[in-house]
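Please look through the sequence and the three-dimensional model shown below before reading on. The report that follows takes up the sheet, the helices packed on it, the nonpolar cores and a few single residues.

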Amino acid sequence: QLMSLKQVAEELLLGCPWPMDQIPEQVPLFVSGEQSLQRLLMGSKPLVYVSRDNPGAEDVADDLRRGMRSAIEVTSNVAALPKKFEENNKRRRSSVNLPTGRASHMLLYLNDQTYLGDAGAKLAQELRDVRAKAAGAPAIVMAHENDPARGGCEFGLFFGKVPKDLRDRHLFTPIAVAFMAGETYRE
């Protein structure tokens with residue numbers, strides 16, 4: 001809400017009368033405590049697992065890494081997941097760029113392509129495997145796309161798309177972070 005108010009205020013200021021030689025192209029405003037202006041400090045770099053069967057997730061993870069000034073590491077290598085998962089999916093494992101540790105988080109990117117076709121079935125199985133290894137499993141962090149140009153859709157759509165067993169296991173208990181259209185929101 002504060003970011004929306006910031007945008008409204010910027011547009012209002014740009015619409016005000018200015019001397020002809022001083023008309024600004026933008027009016028840089030900031031909101032006290034704005035996340036995009038804060039530096040994140042962590043004890044170590046979290047390793048975020050991104051499934052190759054989650055369309056758009058790798059791009060979002062790259063956006064997050066850039067936005068967080070490389071404060072996170074990202075991998076799509078299943079070797080970063082719990083052993084049970086690795087054993088079930090050896091055929092998909094790559095020997096290139098094996099991470100040194102285990103993933104602390106798994107990014108679940110929710111857009112209009114999530115859970116569709118064979119990739120959707122594989123993603124659902126990855127989520128089942130991660131949830132089954134609760135003690136050593138990465139935390140699932142959800143990002144819900146709202147930008148129509150990036151496959152944004154209503155959140156309620158996922159309740160019909162996600163397999164029933166995952167829905168019944170409270171997959172949607174954590175809050176999904178809304179990714180809105182526009183660079184101000186993406187930042």
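## The sheet

In what sense do strand S3 and strand S4 pair, and over how many bridges? Strand S3 (residues 105-110) and strand S4 (residues 139-145) pair in the parallel sense, over six bridges, where two strands are said to pair if DSSP finds at least two bridges between them. Within this pair, His105 stands opposite Ala139 in S4. The names follow DSSP runs numbered from the N terminus, a helix being a run of H or I with at least four residues and a strand a run of E with at least two. This is a predicted model, in which local features need pLDDT of at least 70 and side-chain atom pairs count only at pLDDT 80 or more, while totals for chains, interfaces and linings use all residues. Residues are numbered from 1 along each chain as its sequence is written, and side-chain values use heavy atoms, with hydrogens and water left out.

Five strands form an open sheet with parallel pairing, in the order S2-S1-S3-S4-S5. At its edges lie strand S2 (73-75) and strand S5 (177-179), each of which pairs on one side only. On average, neighbouring strands of this sheet are turned by 30 degrees against each other, direction ignored; axes here are lines fitted to C-alpha atoms, for helices over the stretch in contact, and angles run from 0 to 180 degrees between N-to-C directions.

## Helices packed on the sheet

Helix H2 (residues 57-67) packs on the sheet and touches strand S1 (47-50), S2, S3 and S5, contact meaning heavy atoms within 4.5 Å. The direction of H2 makes about 120 degrees with that of S3. Helix H4 (residues 117-132) also packs on the sheet, touching S1, S3 and S4, and its direction makes about 145 degrees with that of S3.

Which residues of H2 are buried? They include Ala57, Val60 and Ala61, where buried means under 20% relative accessible area, exposed over 50%, and partly exposed in between (1.4 Å probe, protein chains only). Seen down the axis of H2, its buried residues fall within an arc of 100 degrees, so they line one face of the helix; the arc is that of the directions from the helix axis to the C-beta atoms. On the other side of H2, Asp59 and Arg66 are exposed. The cover over the buried residues of H2 includes S1, S2, S3, S5 and helix H7 (183-186).

## Nonpolar cores

A nonpolar core is a set of buried Ala, Val, Leu, Ile, Met, Phe, Trp, Tyr and Cys residues joined through side-chain atoms within 4.5 Å. The largest one has 21 residues, and those with the most contacts inside it are Met106, Leu108, Tyr115, Leu127, Ile140 and Leu171. While S1, S3, H4 and S4 each supply at least two residues of this core, H4 gives the most, with four residues. Leaving aside neighbours within four places in sequence, Tyr115 is in contact with residues including Leu108, Leu127, Phe158 and Leu171. A second, separate core of ten residues includes Ala57, Ala61, Ile72 and Leu107.

## Cysteines and Thr184

The structure holds zero disulfides, a disulfide being a pair of cysteine sulfur atoms within 2.5 Å. Cys153 counts as buried because its relative accessibility is 16%, whereas Cys16, at 36%, counts as partly exposed.

Thr184 has its place in helix H7 and, at 28% relative accessibility, counts as partly exposed. The C-alpha atoms of Thr184 and Ser4 are separated by 9.2 Å, although these residues are 180 residues apart along the chain. Leaving aside neighbours within four places in sequence, Thr184 is in contact with Met3 and Gln7.
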